Amino acid sequence: MDCLRPCTIKQVLDATQPHPDAEFKIDDVDVAHITFVGQIRNISTQTTNVTYKLDDGTGSVEVKLWIDTDSSAMDLGGGGNKSNSGLVEDQWVRVWGRLKAFGNRRHVGAHVIRPVTDKMEITYHLLEATYVHLYNTRGPLEPTGGKPAQMDGGQYGGDDMGGSRPMPNLSPNARRVFQCLKETPQNNEGLNMQHIAASLRMPLTEVAKAGDELLTQSLIFTTVDDNTWSILDME
């Protein structure tokens with residue numbers, strides 16, 4: 001199961017990889033998808049991608065966001081690429097993506113990059129990353145009464161998604177689309193929005209809006225194109 005790991009940039013840089021085809025490991029635990037916060041130090045725009053140099057105080061790393069040149073797909077898919085044109089240097093952002101290596105250099109392939117609008121999110125994230133690190137290296141906290149402590153890979157309360165992460169406040173359509181993605185049998189590529197629209201008998205435009213909402217909340221990510229989504233499983 002692909003799980004989302006909150007981490008610092010230093011943990012990204014210190015992650016181990018037994019061999020080039022293996023998953024990276026942090027604290028000797030496989031990591032597929034990661035999330036972290038950082039301040040933009042440099043932006044480099046290329047034909048096919050935008051590279052952001054991010055620093056969180058523990059280290060710096062390059063984050064690549066690939067540009068979808070198919071404008072029609074972007075209009076329908078709402079994958080988030082267009083919204084990142086407003087990012088500027090010295091701005092704090094949150095990243096969701098995968099750790100990658102090319103040659104001897106590491107970078108993060110971003111699924112989503114969004115601005116940090118509440119500075120408390122920075123503190124929250126560092127505490128969350130510390131908690132998960134201690135959980136994996138020293139084991140769970142001993143309960144002091146009531147319910148045992150749980151490792152939470154997300155933030156801000158709401159209904160339970162069926163994993164350990166609480167569901168944030170979502171519109172009814174976004175909840176229906178999420179439930180469809182969660183319950184419909186699928187391969188590693190996820191589900192296309194056309195399939196979701198047909199299954200739910202929901203207009204394509206409403207499915208696209210719901211997808212935008214779920215992408216913004218980092219509950220799903222795009223796979224083969226901006227119109228195909230899969231759930232980010234939390235742990």
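Predicted model: local features only at pLDDT ≥ 70, side-chain atom pairs only at ≥ 80, totals over all residues.
Visitor: How many helices and strands does the protein have?

Guide: The protein has 6 helices and 14 strands.

Visitor: Why is Asp-28 called exposed?

Guide: The relative accessible area of Asp-28 is 64%. Exposed means over 50%, so Asp-28 qualifies as exposed.

Visitor: What makes Arg-201 count as exposed?

Guide: Arg-201 has a relative accessibility of 79%. The term exposed requires a value over 50%, and therefore Arg-201 is exposed.

Visitor: In which loop is Arg-201 found, and what is its phi?

Guide: Arg-201 belongs to the loop between helix 5 (193–200) and helix 6 (204–216). The phi of Arg-201 is near 55 degrees, again positive in a residue other than glycine.

Visitor: What percentage of the residues in the protein is buried, and what does buried mean here?

Guide: Of the 235 residues in the protein, 45% are buried, that is, under 20% relative accessible area.

Visitor: What share of the contacts in the protein with a separation of 6 or more joins residues 24 or more positions apart?

Guide: Such residues account for 57% of those contacts.

Visitor: How much accessible surface does the protein have, and what part belongs to carbon and sulfur atoms?

Guide: The accessible surface comes to about 12400 Å², and carbon and sulfur atoms contribute 50% of this surface.

Technical notes: Residues numbered from 1 in each chain as written. Heavy atoms only, no water. Buried < 20%, exposed > 50% of the residue type's maximum accessible area, 1.4 Å probe, protein only. Helix = DSSP H or I, 4+ residues; strand = E, 2+ residues; numbered from the N terminus. Contact = heavy atoms within 4.5 Å. Areas by Shrake-Rupley, 256 points an atom, 1.4 Å probe, with all protein chains shown as cover.
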